[in-house]
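Open the model in your viewer and keep the selection panel at hand. The tour goes stop by stop.

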2 protein chains.
Amino acid sequence: IIVEVFRLKSYDMALSPESQLITNERNKTTFNVTELTNILDGGLEKTALRKSIAERKISLDPNMKTIHRGYLNKEQINFQNNRKMMYFFTDLAKRNNWHMDKPHSADMEFLPRTLANASGLLIHAGAFVPSIVSFGTPEQAAKWLPLAKACQIIGAYAQTELGHGTNLRRLETTATFDPRSQEFIMNTPSISSMKWWPGALGEMATHALVMAQLITRGENHGMQAFIVPVRDMTNHKPLPGITVGSIGPTLALDSTDNGYLRMDNVRIPKENMLAKYAYVDSKGKFQKIGNDRLMYASMVNLRVVLAKDEAVTYIQMACTIAARYSCVRKQGSLTPGGPEVQIIDYVTQQNKIIPYIALSYALHFNLAFIRSKYVKFLEDVKRGDLSNMAEMHMMTAGMKAIATERTSAGVEILRRSCGGHGYAVSSGLPYILLRLVASCTYEGENTVLYLQAARYLIKTAAKVSMGQPVDASVMYLTEDAPDKCQAANQMELCDHSILEACFKHRSRQLLLSVATELQSLVADGMKQMEAWNLVSIQLVNAAKAHMEQHIVSTFSSYLRNLKCSSAVREVLDQLCSLNALHQINNFPGDFLKDGYLSSKQLDMARKAEVKLLASLRRNVVGLVDAFDFTDDMLGSCIGSYDGNAYERLYEWAKNFPSNKTDVPCLWSYIDP
Amino acid sequence: IIVEVFRLKSYDMALSPESQLITNERNKTTFNVTELTNILDGGLEKTALRKSIAERKISLDPNMKTIHRGYLNKEQINFQNNRKMMYFFTDLAKRNNWHMDKPHSADMEFLPRTLANASGLLIHAGAFVPSIVSFGTPEQAAKWLPLAKACQIIGAYAQTELGHGTNLRRLETTATFDPRSQEFIMNTPSISSMKWWPGALGEMATHALVMAQLITRGENHGMQAFIVPVRDMTNHKPLPGITVGSIGPTLALDSTDNGYLRMDNVRIPKENMLAKYAYVDSKGKFQKIGNDRLMYASMVNLRVVLAKDEAVTYIQMACTIAARYSCVRKQGSLTPGGPEVQIIDYVTQQNKIIPYIALSYALHFNLAFIRSKYVKFLEDVKRGDLSNMAEMHMMTAGMKAIATERTSAGVEILRRSCGGHGYAVSSGLPYILLRLVASCTYEGENTVLYLQAARYLIKTAAKVSMGQPVDASVMYLTEDAPDKCQAANQMELCDHSILEACFKHRSRQLLLSVATELQSLVADGMKQMEAWNLVSIQLVNAAKAHMEQHIVSTFSSYLRNLKCSSAVREVLDQLCSLNALHQINNFPGDFLKDGYLSSKQLDMARKAEVKLLASLRRNVVGLVDAFDFTDDMLGSCIGSYDGNAYERLYEWAKNFPSNKTDVPCLWSYIDP
Ligand SMILES: Cc1cc2nc3c(=O)[nH]c(=O)nc-3n(C[C@H](O)[C@H](O)[C@H](O)COP(=O)(O)OP(=O)(O)OC[C@H]3O[C@@H](n4cnc5c(N)ncnc54)[C@H](O)[C@@H]3O)c2cc1C
Ligand SMILES: Cc1cc2nc3c(=O)[nH]c(=O)nc-3n(C[C@H](O)[C@H](O)[C@H](O)COP(=O)(O)OP(=O)(O)OC[C@H]3O[C@@H](n4cnc5c(N)ncnc54)[C@H](O)[C@@H]3O)c2cc1C
């Protein structure tokens, strides 16, 4: 293991042509970057809190320093991540009173972002501990949480099996109660029933929270959660009856230590079934406790967290890198035989970057909105009010899917916008991309989530047609609105209410048309589920359209209520329009199909977008500076604050380990 | 280095439920798979040739066996790749008379595909050697080729610099002629002028073919090619004046050994300038020889190769894996409380897979067409006929861009369609994805290539408006065609000539409208290049639309001339329609905008596509079997021929190196 810490040097800002270029950009910025940062953070005090966490308590702690992952192999990266996070939880977090079982405290809001490029113990802190909080009785929490929080045990969240991920009802792992010994007997009776994928299980975990079919008195009572010790606490070897190991490497540059688990008549004490919502008495009698939809309410949390702390953070990081690099990279010319221009001056390049800056802002404010709605929802639930459950489910499922899908596509576009250098690990972009694309699959596969959101929307459509009341976020479906867009010119097409109306119209249109088609198929004698399947492509599209509508409307209503300087308002207004217009111009079909937008209006939309790109061009660096990532967090040679892309790339390469030693002779390959 | 060879066991086909499922699928296939394979290969004899190369001479050679890359770290993968390819070139290829300097011989047609998952020496064989053939005099070829072909020297192709990739004219490396010593003095005068990215340069290369500005008698004569020895042939250390090293890891799972190169007054003999098209005499007088556009003609080759041997091969591999897996994976149900169904029965899943099978076929036949056109073009060029140069350039640039872009997007969709398992390296999909996305950047960055194709198209539009003759592939731009789609029902919308007309209309429409806009901007006083930039998003779209048109038309005209059984014809017809309809349904905007398709026709198109998906569903396995990849080539636990995804995943994981040893104790992280 390499112990020396390579940090990217800070170069003298004034020296290189590249740093000159980025300084020029900063001088051109029309607004106060700090003001915008405060808005993103949710206020001045929050910025101060975030900075004190990110820049003082964490970055400056010598134990939290990292060797750039490009210098390490996978095992070394994991070692570094785990070492760092072990220190974090057992020491730093304790000293600062940061609690992984209290994700909604003020400090915790900024921790994930700060730790975005250190993935060690993610599942332990993000899934194992919260699950104990959610499913455990107070006694169980009292027993396990202190151990887990001190990292004296490390837990995996073992739900997915080799044969089943999405369809949880068909999980095959069993937990059979044995009243004689007051134990559960855990079994994975087939190859496909092995637990497969759980993070931390491959090498780290001492315990696993296992989801299994509870069987008692010969009857199956469905999925319950069990704490199963998997490795010996003294020597870390698998316990009797346990087969555990790594499933091997994944697309990620680092590893979340994904593993498999077979259990062959493994006995665990009765107390290891987490019993907040269900209980087995000493005779084996099964009993539900309270409303298990409450359990579900707390699980939704992970999706909000995922969309906010991964999708939004990563797209903001990628925008920062690509935008800064595009301002220091010169390539080609815009006058015959003239000097080379910054690539950001190409309209095609603007089109790869600025719309994703707009999306970053749009999603940022959307997720802040959903998070606050979710916190309120949890309070309602505590008071026994479950009325917003279905809406909350739709919103979190849909937002997780759309946020991870849009940002994954965006990060790849941003990566390619950096040309060859975007393919190098030293750019920081590969890590972001590979981490992010996983989130399209876990915590609910996106297609499946869209279809779940569609189920709610189809029910809503039925309510609308019967004149029944509907939830706030879908109220627009009941509105009577003009069936043609009212914009008469380019400027009006940038108007937020006009754009909102476009997206509401499209969503309404797609939903009603698929609802009608579904109904008529069933009326013609087709079975409900078959008809559902037949129109499922449209259902997914309707769900996406609803979520796009949500993104546009939430951003614009956020701005309506925002108090800020006119300079900041101007750029935020532009970003909000751009985010909507870019979608219209890239996917105009639905807007044209029923004549809502005319061909002429679409031409105006296209021109309006190019105009917006041109006027946001000068603020590109300011807009990403406002995200306020440190160079350490970005880990990018081409995206650092000072703009010194080339010197940093070379400096980085010179220090690359294999360049410090003699390389193997060519002929060694022939004669091994 | 691990020496034991892990090969994926073949399981007894009859045993598992998964192999039963895939056998059922094969029994349902409506056509003769071998017939289709022959068609893809270009005839029975060619299949026989391919099989004898791929399955006998290469796969069965014990020196060509590989350890699955998931078991190895990057250094080990590279070692394996290089060892294997060293053996291949120095021994196997020699024995079989396979010549890397003759890419258009019959055998060579199938070699790249067979070697698709072994990337060692790619640049040496694919760029260094062909460049010597292209730029060298017969004497130079006689000197260097035997050394290179015997791998006694290994070469890099060093063109890109830290500061310049796309804009080759601004490369800063210089080669200054010194008449006193009859040498060239090579220099990289600044950080940004360092060669950066060349494959094989990082650790392997002994020589580099360096592109540099030729300076003699104080005058710059532009880019020429020089052979520069970079490492000592006895001890592999950098030669005097040379700084050479690795640029570090990239997004790829293996490494193409990308490196950097600084030269500080490095002297090379005059004979090391490749002098087929330009010559410096002993007094330093510069002289052009013949037509250097000929040089360009041979360079275009790499793009054809890239699109054919990388993009098409990789999308076919990904389709094979995803299609087979989707037939053995069961998840969820389509009847209330009913049995689980194969995921391929979900229409959303069909929509992720079958359109990419269609694209695989479409691109396969397109690239075969372009390749044969290119071979003919080379003959014309030899006879001094350069008249097809511009068209050939447009076609190869455009096809490289569209093929790499569409297949990169497709492979990611196919990967996600496998759920969690698609994220594991053991699925084989991550390797394919990461290799493929690089091709969107190298050999011409895609946006830049689209804009080059657009330049040709805009010129063509001008010719059309002046009634001048145009090249064959753009003749459709001159046609007078109805301005409304003639399809009256779903069936007619599957008709190839109707679909071709749609794509021709769209391309014509987009091109003419951007040409007009460009013209009027210039007429209003804007400078040509500024106007070009302003409409560049539309120019890219017009180029894409032309290429999509090319893909649809070439596929359909290929089928018109094809002699085959009616069963094969039926599926190929369906694939051709599906490929076109899928694009229309996903990007209907351009077709709707000017009313070419009505809203009603679009509804029909949507339904027609779902119907095609349903009828191709039963042939999914047959269609990918026809690509005829061996399990070895796929390297996929979930996509193997026998369908035994789960057993193979488990078998693979059990053999994973870290599972064969004790894992480190958790506490080692706290107390390192
Ligand atoms: C990096 C990573 C980390 C993970 N960590 C953990 C962990 O810590 N613990 C854990 O328990 N699991 C973990 N998982 C597993 C993850 O939760 C599952 O992979 C995920 O839930 C998707 O399920 P699946 O793999 O079964 O996909 P599948 O459901 O098999 O999906 C395959 C395809 O089938 C389609 N499909 C499936 N059902 C339907 C339907 N009803 N209708 C239409 N289409 C359908 C999907 O759309 C998809 O295209 C992890 C996975 C990854 C990639
Ligand atoms: C895996 C890999 C292997 C490689 N191997 C080799 C090798 O062996 N030898 C070698 O010499 N090189 C090699 N390269 C380098 C490769 O050829 C260049 O990266 C490629 O040509 C792109 O150039 P660039 O990096 O300068 O991109 P840039 O030109 O800097 O592109 C950055 C952005 O600017 C935009 N842009 C640039 N010019 C224009 C314009 N005129 N108009 C509009 N937009 C523009 C692009 O669209 C892109 O979005 C390799 C690269 C990779 C990734």
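How many residues of domain 1 of chain A are in contact with domain 2 of chain A? Eight, and they meet 10 residues of domain 2; contact means heavy atoms within 4.5 Å.

This is a predicted model, where local features need pLDDT of at least 70, side-chain atom pairs count only at pLDDT 80 or more, and totals for chains, interfaces and linings use all residues. Residues are numbered from 1 along each chain as written, chains are lettered from A and ligands numbered from 1 in written order, and side-chain values use heavy atoms, without hydrogens and water.

**Stop 1: the domains.** Select 152–295 of chain A for domain 1, then 300–468 + 489–623 for domain 2. The bounds come from an automatic or database domain assignment. Their C-alpha centres lie 37 Å apart.

**Stop 2: H3(A) and H5(A).** Select residues 44–58 and 106–114 of chain A. Helices are DSSP runs (H or I, at least four residues), numbered from the N terminus. The two pack at about 50°, with axes 10 Å apart. Axes are lines fitted to C-alpha atoms over the stretch in contact, and angles run from 0 to 180 degrees between N-to-C directions.

**Stop 3: H11(B) and H12(B).** Select residues 389–416 and 429–438 of chain B. These axes come within 9 Å and cross at roughly 160°, so the helices are roughly antiparallel. Contact residues include B:Val411 of H11(B) and B:Leu433 of H12(B).

Key: Angles under 35 degrees count as roughly parallel, over 145 as roughly antiparallel, 65 to 115 as roughly perpendicular and the rest as oblique.
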